[in-house]
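Me: Hi! I have a protein model open and would like to learn to read it, one question at a time. Could you help me?

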Amino acid sequence: MNSLLNPRRTVAELKELRAITGDQNGAQRIAFTPGWTKTRTWLRQKLETLPVEMHTDAAGNFWATLRGESEKSLLLGGHMDSVPNGGWLDGCLNVLAGVEILRRINAQYNGKSPVTIRLVDWADEEGARFGKSLFGSSACSGNLDMNEARGLKDKDGIKLPAALREIGVDFERVKDSGKELENAAAYLELHIEQGPVLLDLDLPLGAVLGTFGVERHAITFHGQAAHSGSTPMNRRKDAFLAGAKMSPEVYRIAERSGNGVCTIGSCTTKPGIVTSVVEECRITLDQRHLDSTALAKMLAEARAASEQFAREGNVSVSWERLWQIAPRPFNAELIALCDEAIRETCGKVHRLPSGPLHDAAEVAAAGVPTVMMFVQSLHGISHNKIEDTKEDHLELCVRAFDKLTEKTMRWIMRA
Ligand SMILES: [Zn+2]
């Protein structure tokens, strides 16, 4: 156990942050609002006692750099912004654990660690105000769709470029922030799980394999409207019958895929009246998997099943893609180091994929070796004021994440 690290202080600082930026409904640190600016000022004060260089980049991301012997840098990331009425840990746990680790490294190496350590607070991870998440990290990775982002408006009609101007950021130049990744040798992110997997396994910590790829489609079955009284059962072209068969089928597809998930999230019928056979049935399908081949297979199986059910019911089927994103698998060697750090801290580990996207997905997409560590979420709930994690688990995660940082630093030096 490293005595220079004080995980209890991280818990105390999280409570201090909750007291000054939260209310009875939860955390109120929505990006590009006064509450968020206040949070940043508080964070700067926490870092002032350290010999770090601090600056805000072209996209409004905040960086604190502890220069090391080598220019190669190890990045630790998180986000201080929250959704409205958010939880007290989502995003800021990562940043404050990073602050504590900077203190430990600074003390241990007398201000000169073997590699450069950089803490980043990404701007607007949540997308709570403009409806588009991962703003700062996607600007930095170069993936931000400038045309789409230029037109984003908040509920008062204020455009994203105008909100950015308020905090001194020129929208047209946000991708200049990409230069921050120049010497990046690895990126680490700690996060609460936001789901029930670790809770159900009764484990405090997990190593994250990557973020899921997503395929989202609308599937429409076309039959024929007919009178519910006069049409014999064997003469119907019932679009709903075919659509409904998809529901148990996607459960079988998900089960065969291993770690994948499939959701039929909506179903609408036409004419949608009690006295007519359904003419048109439209369902939406959301499929997610960490492996791109497995994701493609899940999609192909759903398509084949829909065609079979259409044939059986004497109806036709059409597909429309709504959205898609590729899986972002994390770096295998860093996953192994994360695994090791967790085992050394609490004996047991579980490897799991992340359903939600995180800034880490953007950094990985930019080609920087990346891994995330999850800590158990009580109730498996996030984006809610009841979001919580046991205090001893919070302390454990700071310890394990610190070990991962040290191991990654040595991994960078070996490279
Ligand atoms: Zn988050």
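Predicted model: local features only at pLDDT ≥ 70, side-chain atom pairs only at ≥ 80, totals over all residues.

Me: How are the rings of F32 and F135 arranged?

Reply: A pair of aromatic rings is described by the distance of the centres and the angle of the planes. Planes under 30 degrees apart count as stacked, over 60 as edge-to-face and the rest as tilted. The centres of F32 and F135 are 6.0 Å apart and their planes stand at 85 degrees, so this pair is edge-to-face.

Me: How far apart in sequence are the parts that F32 and F135 tie together?

Reply: Helices (H or I, at least four residues) and strands (E, at least two) are DSSP runs, numbered from the N terminus. F32 lies in the loop between β2 (26–27) and α2 (34–47), while F135 belongs to helix α4 (residues 135–141). The pair therefore ties together parts whose separation in sequence is 103 residues.

Me: Is F135 buried or exposed?

Reply: Buried means under 20% relative accessible area, exposed over 50%, and partly exposed in between (1.4 Å probe, protein chains only). F135 has a relative accessible area of 3%, so F135 is buried.

Me: What kind of pair do the rings of W122 and Y187 make?

Reply: W122 lies in the loop between β6 (115–121) and α4, and Y187 in strand β7, so their pair ties together parts 65 residues apart in sequence. W122 is buried at a relative accessible area of 0%, and Y187 also counts as buried, at 0%. Their ring centres are 6.3 Å apart with the planes at 55 degrees, so the pair is tilted.

Me: Which residues coordinate the zinc ion?

Reply: Donors are N, O and S atoms within 2.8 Å of the metal (3.2 Å for Na, K and Ca); water is not among the atoms, so sites may look incomplete. In sequence, the donor residues follow the spacing H-x10-D-x100-H. At 2.0 to 2.2 Å, the zinc ion is coordinated by H79 (NE2), D90 (OD) and H191 (NE2).

Me: Where is H191?

Reply: H79 and H191 link distant parts of the chain, 112 residues apart. Both are buried. H79 is in the loop between β5 (70–78) and α3 (92–108), whereas H191 is in strand β7 (residues 184–192).

Me: Which strands stand at the edges of the four-stranded open sheet?

Reply: Two strands pair if DSSP finds at least two bridges between them. The sheet has the order β10-β11-β9-β12, with antiparallel pairing. Each edge strand has a single partner strand, so one side of it is left without a neighbour in the sheet; these edge strands are β10 (261–270) and β12 (316–325).

Me: Which strands does helix α9 touch?

Reply: Contact means heavy atoms within 4.5 Å. Axes are lines fitted to C-alpha atoms, for helices over the stretch in contact, and angles run from 0 to 180 degrees between N-to-C directions. Helix α9 (residues 292–312) packs on the sheet, and its direction makes about 160 degrees with that of β11. The strands that α9 touches are β9, β10, β11 and β12.

Me: Which residue lies over the face of W319?

Reply: A charge sits over a ring if NZ of Lys or CZ of Arg is within 6 Å of the ring centre and within 35 degrees of the ring normal. H217, in strand β9, touches several residues, including R303 and W319. At 4.7 Å from the ring centre of W319, the residue over its face is R303.

Me: How many residues of strand β8 are buried?

Reply: Strand β8 (residues 205–211) pairs with strand β15 (residues 370–375) in the antiparallel sense over four bridges. With strand β14 (residues 350–354), β8 pairs in the parallel sense, over four bridges. β8 is mostly covered: of its seven residues, the number buried is six.

How values were computed
Residues numbered from 1 in each chain as written. Heavy atoms only, no water. Phe/Tyr/Trp six-rings, centres within 6.5 Å; stacked < 30°, edge-to-face > 60°. Lists of a residue's contacts leave out its neighbours within four places in sequence.
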